[in-house]
Amino acid sequence: MAGSEPCDACGDPIEEPLARTVQLNVDRSEVDSQRLCPSCFADWIERYRTEMQPRREEKVTDSDADIIVD
């Protein structure tokens with residue numbers, strides 16, 4: 001295929017219009033850059049969402065907290 005490069009994740013060739021580039025920059029310096037096929041890009045987005053989403057605080061209910069012993 002002319003004009004195709006491999007996906008950095010799976011290695012399959014991808015055409016330019018389908019490729020997605022993910023770049024990680026810290027303080028304006030590029031740390032990482034990956035060209036991904038649509039499937040690997042979707043996997044990357046899902047992994048980013050689950051790993052970077054703030055965790056909800058789990059509330060532990062102590063059923064004995066309201067008991068007053070005299």
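## A turn between two strands

In the hairpin of S3 and S4, 2 residues lie between the strands, and Asp27 takes a positive phi near 50°. Strand S3 covers residues 20–26 and strand S4 covers residues 29–36; the two run antiparallel and are joined by 7 bridges. Strands count as a pair if DSSP finds at least two bridges between them. Across this pairing, Leu24 stands opposite Asp32 in S4.

## About the model

The model you see is predicted, so local features need pLDDT of at least 70 and side-chain atom pairs count only at pLDDT 80 or more, while totals for chains, interfaces and linings use all residues. Residues are numbered from 1 along each chain as its sequence is written, and side-chain values use heavy atoms, with hydrogens and water left out.

## The whole chain

From the N terminus on, the elements run β-β-β-β-α, which gives 1 helix and 4 strands. Helices (H or I, at least four residues) and strands (E, at least two) are DSSP runs, numbered from the N terminus.

Of the 70 residues in the chain, 11% are buried. Buried means under 20% relative accessible area, exposed over 50%, and partly exposed in between (1.4 Å probe, protein chains only).

## The nonpolar core

Which residues make up the largest nonpolar core? There are 7 residues in all: Cys7, Ile14, Ala19, Val22, Leu36, Cys37 and Cys40. A nonpolar core is a set of buried Ala, Val, Leu, Ile, Met, Phe, Trp, Tyr and Cys residues joined through side-chain atoms within 4.5 Å. In soluble globular proteins, nonpolar side chains tend to be buried together.

Not counting residues up to four places away in sequence, Val22 touches Asp32, Ser33, Gln34, Leu36, Phe41 and Trp44. Contact means heavy atoms within 4.5 Å.

Trp44 has its place in helix H1. Leaving aside neighbours within four places in sequence, Trp44 is in contact with Val22 and Leu36. Trp44 and Val22 are 22 residues apart along the chain, and their C-alpha atoms are separated by 8.9 Å.
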